[in-house]
Amino acid sequence: MDFTLLGTISVATGTGELALGPAKRRSVLALLLLQPNTTVPLEQLIDSLWEDEPPEHARTVVQGHVSRLRATLAGGGAEAYGIELATHGSAYLLRLPEELIDAHRFAELVALARPEAAPGDAVPLLREALGLWRGPALTGTVTSPPFAAAAHALEEQRLAATEALARAHGALGEHEQAAAILYTAAVNNPLREGMVAELMRALFRTGRQSDAMEWFHRTRRLLDEELGVGPGARLKGAYEEILRAEEAGAGGRAQGDAATGRGGASAPAGGAQRTGRQGDSADAARASAGGGDTAANDPRVPAQSGRGTTGGSPGRNAGQPAAPRLLPRPPARFLGREQHLAALTTVVQSADPGESPLAVVTGPAGVGKTACAVQWSHAYAGAFPDGQLFADLRGFNEGAAAEPVEILRDFLLALGTPPERVPTSAQSASALFRSLVAGRRLLVVLDNAQSSGQVRPLLPGGPHCATVVTSRSRLDGLVATDCARPVALQALGAAEGTALLGAMLGAERVADDPDAAQELVALCDGLPLALRAAAAQLTARPRWRLARLASALRDERRRLALLSAEDTGVAAALRMSVARLSADDARLLSALAANADGHLNASVAAALAGSAPEDIQDSLDRLTEMHLVDEESTDVYTISTLTQLFARDEGPAGGRIGG
């Protein structure tokens with residue numbers, strides 16, 4: 001007996017498929033299969049089956065579907081396979097060997113594959129895994145947020161396996177196969193930048209450089225038209241690698257360079273590269289220019305360095321290229337944070353003569369650090385007429401953080417440095433960067449920093465420059481050595497959180513259910529990321545009242561899953577923070593999650609961890625520095641509900657953190 005989730009929900013036996021009945025019955029089975037050997041409450045089934053308010057007889061309907069499923073499975077010989085659909089009070093349990101579920105077998109095969117270490121073994125494993133798919137996951141279930149979230153998670157696993165298979169073929173030198181695998185997936189997922197970047201590399205390695213470059217420009221246009229953003233680091237990285245390889249005549253493709261109009265000359269290639277970069281930021285440039293007059297005339301802009309004017313700059317000549325405008329687009333529906341925006345202005349105003357002001361915007365995952373920094377930067381772009389540089393340092397993203405030399409190359413190219421003159425070492429590139437901007441009025445925004453050491457090579461030294469850094473870590477090192485001024489963001493209060501919901505959903509909808517709106521803010525811990533994810537759920541369901549979502553979020557087992565929208569969500573953000581912890585620190589976080597109300601001191605933390613207070617104090621301090629725990633006052637710590645839920649779900653019991 002085989003159960004299918006990776007396609008149309010079905011159950012196959014030796015004599016054929018079982019007749020499962022209508023969509024709601026298939027959905028009941030799917031939900032039980034997504035949580036095999038786990039009790040699933042009746043209320044969770046009801047909330048998942050009805051997109052709108054469930055009918056009064058919903059319990060009876062679900063019980064009827066379970067009864068019919070039990071009979072259907074029994075008729076197919078479920079007992080012989082060790083399968084049992086049991087009732088436990090007001091919950092149900094589908095007991096079965098998990099290898100009978102195709103999604104489980106898929107995950108096991110993918111986990112066994114090692115595309116980089118053992119590509120020859122990985123190819124058949126990954127092909128077998130992908131061969132289990134029979135169409136879009138969970139086809140035939142009802143349309144509701146829980147099923148949409150589950151289907152999206154399975155689809156993400158499929159795409160990751162596709163990319164891994166392509167990497168395995170690439171490691172074997174089979175670039176044609178890699179390109180063929182990635183081509184179809186990229187056509188169906190045109191905004192998945194990492195996949196397009198790998199397709200570009202595979203195409204280039206097969207000699208199809210013009211096709212590779214066309215994929216870059218096509219994706220760049222789509223990102224601009226659909227999302228209003230420019231290419232990310234992975235896409236730009238692939239583009240630059242191809243340009244460098246062409247310039248060097250890699251693989252004997254110099255004639256191909258001439259055919260594309262680059263002719264192998266370094267200067268035209270560099271020009272094309274800079275055009276691609278600055279063109280991606282056209283919207284940001286227009287937004288910056290639009291906000292310039294306001295900032296130039298705002299009395300809060302510091303006057304001692306002349307930043308309040310838009311006149312000539314000490315370090316610029318008429319022959320220099322146009323000032324770079326690399327800020328992302330302004331954050332949508334940005335509200336509040338006046339105190340923090342004013343604090344950023346104060347940091348720039350209060351710098352000592354001759355010093356380059358440095359602000360560090362810190363706070364927990366999802367609190368809106370990037371939005372705050374970008375909002376302020378756009379408002380005061382006119383104070384920095386020689387340009388605004390922006391870089392995502394990927395400190396808390398999947399994969400490795402950005403290397404300083406990578407960011408410095410981007411900055412130097414944006415400032416007009418020919419590619420052949422960009423140093424290859426971080427130390428030399430940093431020195432050239434500081435020299436170029438020493439006399440300019442320039443703003444540098446370094447987003448998502450992992451550590452002080454990652455930031456220091458990127459700091460401009462000129463007294464007319466300013467730097468804004470965002471990080472989940474406090475970056476105490478920058479405070480100690482570079483006189484950085486911290487600007488700490490906290491969660492939104494009830495009024496601000498409700499206002500954000502109103503901006504996202506419409507004031508009338510929130511006014512119709514004010515108590516539920518305040519409850520949503522509390523259930524989201526006041527985190528803008530969580531509130532925006534909740535608003536996305538409600539926007540997609542215009543007939544839902546806010547109370548319906550609030551009721552669903554009260555179920556702590558579902559809360560993190562519901563507070564997600566595609567690849568954005570609280571759980572994903574927290575996962576990146578926890579991934580940067582040591583094993584000891586992660587274990588302590590899991591232990592703290594067991595505290596009932598989230599308030600504790602070092603003695604209570606030690607008791608939960610089964611250690612002495614002095615043995616866990618350093619770990620507790622590091623969790624505080626990472627904003628996974630908040631120190632309200634001396635030896636008074638709090639851990640947010642969402643962080644607790646994440647640590648419980650993915651702690652030692654779940655085998656994901658601190659194990």
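Please keep in mind that the model is predicted, with local features taken at pLDDT of at least 70, side-chain atom pairs only at pLDDT 80 or more, and totals for chains, interfaces and linings over all residues. Numbering starts from 1 along each chain as its sequence is written, and side-chain values use heavy atoms, leaving out hydrogens and water.

Let's start with the helices. Helix α26 (residues 570-579) packs against helix α30 (residues 641-649) at about 70 degrees, the axes being 10 Å apart. That makes α26 roughly perpendicular to α30, a label that covers 65 to 115 degrees. Helices here are DSSP runs of H or I with at least four residues, and strands are E runs of at least two. Which residues of α26 meet α30? They are Val570, Ala571, Leu574, Arg575 and Val578, and on α30 the partners are Leu642, Thr643 and Phe646, with contact meaning heavy atoms within 4.5 Å.

Helix α26 comes back in the second largest pocket, where α26 gives the largest share of the lining, three residues. This pocket holds about 670 Å³. A pocket is an open set of points on a 1 Å grid, with protein on both sides within 12 Å along at least five of seven lines, while a cavity is a set where a 1.4 Å probe fits but cannot get out; lining residues have an atom within 4 Å of a point. Of the 32 lining residues, Pro364, Leu489, His627, Val629 and Asp630 are the closest to the pocket centre. The lining has 14 nonpolar, 11 polar and seven charged residues.

Now for the cavities: the whole structure has two of 30 Å³ or more.

Last stop, salt bridges: a side-chain nitrogen of Lys or Arg within 4 Å of a carboxyl oxygen of Asp or Glu. The count comes to 24. One of them joins Asp52 to Arg543, with the closest N and O atoms 3.3 Å apart. This pair links distant parts of the chain, 491 residues apart.

Methods: Axes are lines fitted to C-alpha atoms, for helices over the stretch in contact, and angles run from 0 to 180 degrees between N-to-C directions. Angles under 35 degrees count as roughly parallel, over 145 as roughly antiparallel, 65 to 115 as roughly perpendicular and the rest as oblique. Grid points are joined across faces, edges and corners, and a volume is the space filled by probe spheres set on the points. Ala, Val, Leu, Ile, Met, Phe, Trp, Tyr, Cys and Pro count as nonpolar, Asp, Glu, Lys and Arg as charged, and the others, Gly among them, as polar.
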